[in-house]
Structure formats: structure tokens, C-alpha cells
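Please read the points below with the structure open beside you, taking one pair of side chains at a time.

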Amino acid sequence: VTMALEEQLESLALEDEPDNIIAYSIKILNTADPSLKVKLTERAVALWYSDRLSHSALPDLSVPSSPAQCAELQVIEPHKMKLGKGGSPQSRIAILHSLASIELHAINLAWDIIARFGSRADPLPKEFFTDFVKVAEDECRHFSMLRNRLKELGSHFGALPVHNGLWQSATETDSDLLARLAIVHMVHEARGLDVTPNTIAKLRRHGDIESADMLELIYQEEITHVAAGMRWFRHTVAIEQPTEAATTIFHRTVLKYFHGALKPPFNDQGRAQAGFTEDWYLPLVNRDALEAELA
């Protein structure tokens with residue numbers, strides 16, 4: 001990024017700067033340019049950690065149904081994405097580009113959970129906001145690392161198509177905090193824990209040690225994101241449905257909002273590190289049996 005663009009981004013970031021984390025989240029969601037989104041995220045994170053943003057409810061603020069997206073990005077259907085096996089430089093670029101796109105969505109998802117549920121009638125504690133500000137901070141760093149790695153490999157973010165499949169889950173869970181935590185932060189993010197070790201091994205096998213080391217770091221931080229989803233799912237169940245087991249509510253929620261069964265193999269060790277033990281997810285492999293059991 002050139003100095004002139006840096007200065008332009010700085011001035012844009014500070015224009016009408018919100019003093020509330022919910023309002024700041026909406027500002028970031030309405031920002032299409034990835035570089036500016038990163039800048040704003042870094043700024044909001046710094047302000048939050050220095051206690052310069054409030055988290056009081058702003059129920060009259062409108063949250064966008066989907067985040068603004070850069071017009072230059074070519075968006076295709078998820079099933080049309082081609083990643084390859086990582087054997088050629090082009091294939092490795094495709095893998096890293098796809099991961100960068102996922103991390104950009106993840107930045108938006110972290111801000112969206114704050115914006116969408118931060119003003120609910122039953123207020124969430126400050127720790128909820130801090131956990132998801134931390135998730136946004138991590139995802140922002142992951143996106144920047146991957147984007148820089150793409151440049152080192154002679155490509156750039158936006159050189160290949162992206163898909164918005166992940167946002168469909170956000171849309172379907174936009175009025176239910178338990179559903180959002182279950183589907184986005186416990187089903188999808190845990191799936192990332194399942195597949196990332198294989199991607200790391202693939203990159204190492206083909207000699208891309210730098211990319212593999214980067215994904216190793218990202219993987220360790222993603223475990224903490226699944227743990228955050230778990231923590232706030234349990235918290236919300238304890239308040240809203242205290243007589244029910246959290247695992248039962250999770251099973252009911254996933255059956256309602258997730259299409260299809262969960263597919264093994266699972267990274268049991270990585271999931272367990274997040275506190276996400278087999279009793280939470282194994283019953284969802286056999287959807288019909290679980291539906292019969294819960295009927």
C-alpha cells in the first residue's frame with residue numbers, strides 16, 4: 001500500500017469515528033475495501049482495549065443484511081471453486097487465496113455478531129464483546145498474513161474468484177444468537193480445525209514451508225475461536241433455557257439450521273482443545289437417529 005493510500009485510509013478511518021463498539025462494527029461491515037476494513041478493524045481493536053469505546057445498546061441502528069463487498073472481487077457459486085492438490089505454484093496460490101477469502105468473511109462475521117446481537121434486550125456482558133473483538137483482531141491478522149503471502153508468490157488477493165457460501169449461514173441465523181454461535185462458530189469454525197492440518201501437510205509435502213508455518217499459527221488461534229463460540233453458547237443456554245442440557249440445545253439448533261449431517265473424519269484432538277468434545281458433535285453424524293431421539 002502506497003503512502004498516499006495509507007494517508008487516505010487513515011483520514012477515511014477517522015471520519016465520523018464512532019465511540020461505541022456496536023456502531024464501529026456497523027461502520028466496518030459497511031466498508032467494502034479490504035485494506036480499509038483491516039485499518040478500521042485495527043483501530044477499533046486498539047480503542048476497545050484502551051477502554052475508549054462503550055458497549056451500550058444501540059437498538060435503533062440498522063445492521064446491514066450482508067457486508068459491503070469490493071466490486072473488483074469476482075463472486076462465484078461455492079461448488080464452482082477449484083483448489084487443486086497444492087502440487088503446482090498455481091494450485092498453492094488457489095488454496096491460499098481461498099483461505100484469505102474465508103478470513104475476510106471471518107472478520108465480517110466477528111463484527112456482525114457484535115453489531116447484530118450487541119443491542120439485544122437481554123444485555124450481553126462486556127466479556128462477550130471482548131471475546132469477539134479478539135476474534136476480529138485475529139481474523140484480520142490472518143487475512144493480512146495470507147494476502148502478503150499471495151504477493152510473495154507473485155499473486156494478489158482478488159486475482160481469483162471468491163464465494164459467499166459462509167455468509168449464507170450468517171443470513172440464516174441473523175435473528176437467533178444461539179443459532180449463530182452454533183452454526184458459524186461451532187460447526188463451520190470447527191470444520192476448519194478438521195481440514196487445516198491436511199492443508200498444512202499438503203503444503204509441507206510440496207516444499208512450501210513458509211505457508212505451512214503460517215497456517216500452523218492460524219490453526220492454533222482458530223481453536224480459541226471455537227472455544228469462544230462454546231463459551232457464549234453455554235452462557236446463553238444457561239440464561240435462556242437453564243433446565244436443558246447445552247448439548248441437547250446444540251443438537252436441536254444444528255438440526256434446525258444446518259443442512260445435512262456432520263461428516264467425519266473429525267480432528268477430535270483439536271476440537272477437544274477448544275472444549276468441544278465428542279458428545280457435542282458425534283450424534284449429528286447420524287441425523288435421522290438423532291431426530292428420532294429428540295422427537
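1. Arg149 forms a salt bridge (a side-chain nitrogen of Lys or Arg within 4 Å of a carboxyl oxygen of Asp or Glu) with Glu210, and the closest N and O atoms of the two are 3.8 Å apart. This pair links distant parts of the chain, since Arg149 lies in helix H5 and Glu210 in helix H8, 61 residues apart; helices here are DSSP runs of H or I with at least four residues, numbered from the N terminus. Salt bridges that share partners join Arg92, Arg149, Glu152, Asp208 and Glu210 into one network.

2. The model is a predicted one, in which local features need pLDDT of at least 70 and side-chain atom pairs count only at pLDDT 80 or more, while totals for chains, interfaces and linings use all residues. Residues are numbered from 1 along each chain as its sequence is written, and side-chain values use heavy atoms, with hydrogens and water left out.

3. Arg149 is buried, with a relative accessible area of 9%, whereas Glu210 is partly exposed at 46%; buried means under 20% relative accessible area, exposed over 50%, and partly exposed in between, using a 1.4 Å probe and protein chains only.

4. A second salt bridge joins Arg120 to Glu240, with the closest N and O atoms 3.1 Å apart. Arg120 lies in the loop between H4 and helix H5 (126-152) and Glu240 in helix H8 (residues 209-240), so the pair ties together parts that are 120 residues apart in sequence.

5. Within helix H4 (residues 89-117), Asp112 and Arg116 lie four residues apart, about one turn of the helix, and they form a salt bridge whose closest N and O atoms are 2.9 Å apart.

How values were computed
Helices (H or I, at least four residues) and strands (E, at least two) are DSSP runs, numbered from the N terminus.
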